[in-house]
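Biologist: Could we go through this chain together? I would like to understand the terms as we meet them.

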Amino acid sequence: MIMKKQSHQGFGTYCVHAGHVPDPNYAHLTPIYASSTFVFDTAEQGMNRFTGKEKGYIYTRWGNPNFTEAEQKIAALETHQLHDSQGNPLQAKAILHASGMAALTTLFLSELHAGDKIITHLSLYGGTDELLQKILPGLGVEPIIMDMHDLQRVEDVLKKEKHIRMMYLETPANPTLRCVDLEACIRLAQQYHLVTAVDNTFASPYLQQPFRYGADYVFHSTTKFLNGHGTAVGGVLVGRDVEKMEQHVTKVARLLGGNSNAFDAYLLTLGMKTLELRMQRHCENAVQIANFLDNHQAVSKVNYPGLTSHPDYAIAQKQMKHPGAILSFELKEGLSAGKKFIDRLQLCIRAVSLGTCDTLVSHPASMTHYGIPREQREKSGITDGLIRMSVGIENIEDLLADLDQALS
Ligand SMILES: *Cc1c(COP(=O)(O)O)cnc(C)c1O
């Protein structure tokens, strides 16, 4: 069944094995359960599955063996080597969704009600920012967006505003790689009895585990590093209150209908088997590229939390195993040079998204953040000439050669 936590300690071993249940037909990997519904032997069995007396699948919007495997693997990785206050291995439950945005919607609809406020910070993922600013207000939920580096100011707001229910954090954040201090922010949120949720997409559980600092929820767009190959869009919501996840949050997720599907869940499970290996290579490559760009005469600025010049270098050092595989940079000659550079790339792929084996290069001002007014964009460091790179797992010599020829 599910791996016993004591018997296999390594993160990579968890990546490969956690969540797997032996197949009744002895298939090595869990086959793709492309079936919308599941059969009952008798009316009584159907009743028992509905009431939860008997474990078993009913209907794929409610659950599917491929979802369960991916969910249990993710929960195992996010709690790997963590313990609860009694010293027992930390438990968590994950619910897989059709996309990151679907998982976020389940989170917000599960925890927020009309009259509540949600406190968060600048430069969130574009879709999250729009959900907070354009959709939640219509449901009576107001976002408070501020700089979370000045914790005194955050505390002043928490003291004054009585209806804040949730603190929502994303670190590192798109595309300037600003980080927030998870330990300090979550501790403050807990003093004011807020629910805390962290978008851990950029880091992956290999680099950072928000549950270590007491977060209530961890969220991922599984489309990125967890899938790792760019084969399927998906999202996951992981919660530490297992009872609440199994009851209320599961209910909301099932009624919202943003469920995954068997094939995407299968691809995700397959991708996660190599998460540790991939992350190690992604990260090694990213450091070398950050240093190369930082020393290149055509580049005016590199945003990478592993460079001592990055404003959040110390925060990244404290809470991440490694500063990660995403970076952004600006060319001295601005927008026109940026476009030329992108067009000249021969190996790196011109595309949005991140976390794939292939190195992806995008231009936030005209792509991911084009809907955000320029002044607001520039406030979060997204200038017209900024280029974002998700560093892949190719051989470093080839990546550097491609960048070098595109910059010259
Ligand atoms: C991609 C992404 C999302 C949204 O996820 P989808 O899978 O595209 O719905 C949310 N947060 C971050 C940090 C992301 O990169």
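Modeller: Let us begin with a definition: a residue is called buried under 20% relative accessible area, exposed over 50%, and partly exposed in between, using a 1.4 Å probe and protein chains only. Ser353 counts as partly exposed because its relative accessibility is 25%. Please note that this is a predicted model, in which local features need pLDDT of at least 70, side-chain atom pairs count only at pLDDT 80 or more, and totals for chains, interfaces and linings use all residues. Residues are numbered from 1 along each chain as its sequence is written, and side-chain values use heavy atoms, with hydrogens and water left out.

Biologist: Where does Ser353 lie?

Modeller: Ser353 lies in the loop between strand 10 (349–350) and strand 11 (360–362). Helices (H or I, at least four residues) and strands (E, at least two) are DSSP runs, numbered from the N terminus.

Biologist: What is the phi of Ser353?

Modeller: Ser353 is not a glycine, yet its phi is positive, about 80°. Most residues other than glycine have a negative phi, and most peptide bonds are trans. His193 is likewise a residue other than glycine with a positive phi, near 55°. The loop between helix 7 and strand 5 (195–199) holds His193.

Biologist: Is His193 buried or exposed?

Modeller: His193 counts as exposed because its relative accessibility is 71%.

Biologist: Let us turn to charges. How many salt bridges are there?

Modeller: The count comes to 13, where a salt bridge is a side-chain nitrogen of Lys or Arg within 4 Å of a carboxyl oxygen of Asp or Glu. One of them is formed by Glu111 and Arg165, whose closest N and O atoms are 2.5 Å apart. This pair links distant parts of the chain, with Glu111 in helix 4 and Arg165 in strand 4 (residues 164–170), 54 residues apart.

Biologist: Is Glu111 buried or exposed?

Modeller: Glu111 counts as buried because its relative accessibility is 2%. Arg165 counts as partly exposed, at 26%.

Biologist: Which residue forms a salt bridge with Lys318?

Modeller: The partner is Asp181, and the closest N and O atoms of the two are 2.9 Å apart. Lys318 belongs to helix 12 (residues 313–319), whereas Asp181 is in the loop between strand 4 and helix 7 (182–191); the pair links distant parts of the chain, 137 residues apart. Lys318 is partly exposed, with a relative accessible area of 43%, while Asp181 is buried, with 17%.

Biologist: And what does Arg374 pair with?

Modeller: Arg374 forms a salt bridge with Asp384, the closest N and O atoms being 2.8 Å apart. Arg374 lies in helix 14 (residues 374–379) and Asp384 in the loop between helix 14 and strand 12 (386–390), so this bridge ties together parts that are 10 residues apart in sequence. Arg374 is partly exposed, with a relative accessible area of 48%, and Asp384 is buried, with 18%.

Biologist: Which residues are joined into a network by salt bridges that share partners?

Modeller: Asp181, Glu183, Arg187 and Lys318 form one network in this way.

Biologist: A change of topic: how many residues does helix 9 have?

Modeller: Helix 9 (residues 242–256) has 15 residues. From its first C-alpha to its last, helix 9 reaches 20 Å, close to the 21 Å expected at 1.5 Å a residue; the expected span is 1.5 Å times one less than the number of residues.

Biologist: Where is the kink in helix 9 centred?

Modeller: The kink, of about 40°, is centred on Val249. The bend at a residue is the angle between axes fitted to the seven residues ending there and the seven starting there.

Biologist: Which residues of helix 9 are buried?

Modeller: Met245, Val249, Thr250, Val252 and Ala253 are buried in helix 9. Gly257 follows helix 9, and its phi is positive, near 80°.
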